Amino acid sequence: MSKIAEIKSSFEAEVKSCVKISEVQDMKVKYLGKSGELTALLKEIKNLPSEERPVFGAKVNELRNFIENALQEKLFKVKELEMQEKLQNEKIDVSLTSVKPWGALHPITLVENEICNLMIAMGFEVASGPEIETDYYNFQALNIPEDHPARDMQDTFYITDSILLRTHTSPMQARLMEKKQPPIKMICPGKVFRSDSDASHSPVFHQIEGLVVDKNVTLRDLKGTLEYIASHLFGSNTKVRFRPSFFPFTEPSVEVDLTCSNCGGKGCSLCKGTGWIEVLGAGMVNPYVLENSGIDSGKYNGYAFGMGVERIAIIKYGIPDIRLFYENDKRFLKQFVK
Ligand code: DAH
């Protein structure tokens, strides 16, 4: 009887620590198998006095039932456990978030849109044209013949002798005038290319070309238009100043300055102490340019301007290095999200 109790308690301890199906199966062999503990015990029955045999036999059977049930139960639990474990290992967490896509308008696009919307409100139409341009439109039509020293001002990327990446949006002036007779009131935003790269120059940057051709257009019309844009971009106290300059495609030509938006004209490091910041080139369309494109310069005249979008954005937002615009650093770009 003490042997029965011993087997029972060692079985109970052992079954508790089972965690695998194979362990439960091993235990079944160990306790209930042909050469298992209980079989061995039953074999001892013949050594007992006959009156004790039925009680002993009943106890062994009771233990057998107990072990069978316990192993059955354990097997069920262990199977369940193994299944859980398997599921856990094969789990795909569909709730795991992917990298969230993020997007917003680029500061250059924001400034370009702002300027275009102001121009559209004044009745200008928006046009676009090729970035790969011919020498004719980029230079010759604009009164810059071959070997003209003004070509040096623009470090041109040539594709062939006569095909290049446009160095400015001004070729659109000639393209527009060839297609359309006055009145013309257009702007052309777009990319331009120059072989130049440092903190204030990029090999690709953006310009907006403006062109008005009509009867009796004056420099004063140009100034009024620029004042309107400047006051909306930089505040109503912003003043516009014309300085005499030279461009082959305008006569007279002007360089346009705005009162420094940083110091309001008092003088600071941004405006190098002058109180003024140069923002664009402009002038009255040279009659040669009108004639080259089939417009009667005796009847019509016009003004044109070309502004650098990066330059405006740099001044508006106080950006120290033009290269920041092209690095796609989210920390930089996020600052412009409204
Ligand atoms: N195309 C000139 C440049 O890129 C800028 C410019 C000057 C455009 C005078 C004009 C203009 O339309 O009239 O430097």
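A polar contact here is a pair of N or O atoms within 3.5 Å; inside the protein, one atom must be able to donate a hydrogen and the other to accept it, and residues adjacent in sequence count only if both atoms are side-chain atoms. The model is predicted, so to speak: local features need pLDDT of at least 70, side-chain atom pairs count only at pLDDT 80 or more, and totals for chains, interfaces and linings use all residues. Residues are numbered from 1 along each chain as its sequence is written, and side-chain values use heavy atoms, with hydrogens and water left out.

**View 1**
Start with glutamate 209, where a polar side-chain atom sits 2.6 Å from an oxygen atom of the ligand. Glutamine 173 also points an N or O atom of its side chain at a ligand oxygen, at 3.0 Å. On its own the ligand has 350 Å² of accessible area, and the protein covers 93% of that (Shrake-Rupley method, 1.4 Å probe; for residues, only the protein chains shown count as cover).

**View 1. The shell around the ligand.**
Which elements give two or more residues to this shell? They are β5 (204-214), β8 (276-285) and β9 (301-308); strands are DSSP runs of E with at least two residues, helices are runs of H or I with at least four, and both are numbered from the N terminus. There are 16 residues around the ligand, and His168, Ser170, Arg194, Gln207 and Glu209 come nearest (a residue is near if one of its heavy atoms lies within 4 Å of the molecule or strand). Sorted by class, the shell holds 5 nonpolar, 9 polar and 2 charged residues. The nonpolar class is Ala, Val, Leu, Ile, Met, Phe, Trp, Tyr, Cys and Pro, the charged class is Asp, Glu, Lys and Arg, and the others, Gly among them, are polar.

**View 2. A patch of isoleucines.**
Ile132, Ile159 and Ile163 make a nonpolar surface patch of about 260 Å². Patches take residues with over 30% relative accessible area and no salt bridge, joining like charges within 9 Å and nonpolar side chains (Val, Leu, Ile, Met, Phe, Trp, Tyr) within 5 Å. Isoleucine 132 belongs to strand β2 (residues 132-134). Its relative accessibility is 52%, so isoleucine 132 counts as exposed (exposed is over 50%, buried under 20%, partly exposed in between, with a 1.4 Å probe and protein chains only).

Lysine 30 and glutamate 14 meet through their side chains in a salt bridge, 2.9 Å from N to O. Lysine 30 is in helix α2 (residues 21-32) and glutamate 14 in helix α1 (residues 2-16), so the pair ties together parts 16 residues apart in sequence. The cut-off for a salt bridge is a side-chain nitrogen of Lys or Arg within 4 Å of a carboxyl oxygen of Asp or Glu. Lysine 30 is partly exposed at 36% relative accessible area, and glutamate 14 is partly exposed at 26%.

**View 3. Other salt bridges.**
The structure holds 10 salt bridges. In one of them, glutamate 133 pairs with arginine 175, with the closest N and O atoms 2.8 Å apart. That pair links strand β2 to helix α7, 42 residues apart. Is glutamate 133 buried or exposed? Glutamate 133 counts as buried because its relative accessibility is 1%, while arginine 175 is partly exposed at 23%. Aspartate 329 and arginine 331 also meet in a salt bridge, at 2.6 Å from N to O. Elsewhere, Arg241, Arg243, Asp257 and Glu278 are linked in a network of salt bridges.

**View 4. Backbone spots to check by eye.**
Proline 182 connects to proline 183 through a cis peptide bond, with omega near 5 degrees. Proline 183 sits in the loop between α7 (171-179) and β4 (184-193). Glutamate 251 and proline 252 are also joined by a cis peptide bond, with omega about -5 degrees, and proline 252 lies in strand β7 (residues 250-259).

Asparagine 143 is not a glycine, yet has a positive phi of about 70 degrees. Its loop runs between α6 (135-138) and β3 (163-165). Aspartate 147, in the loop between α6 and β3, has a positive phi near 70 degrees. Asparagine 143 is partly exposed at 24% relative accessibility, whereas aspartate 147 is exposed at 76%.
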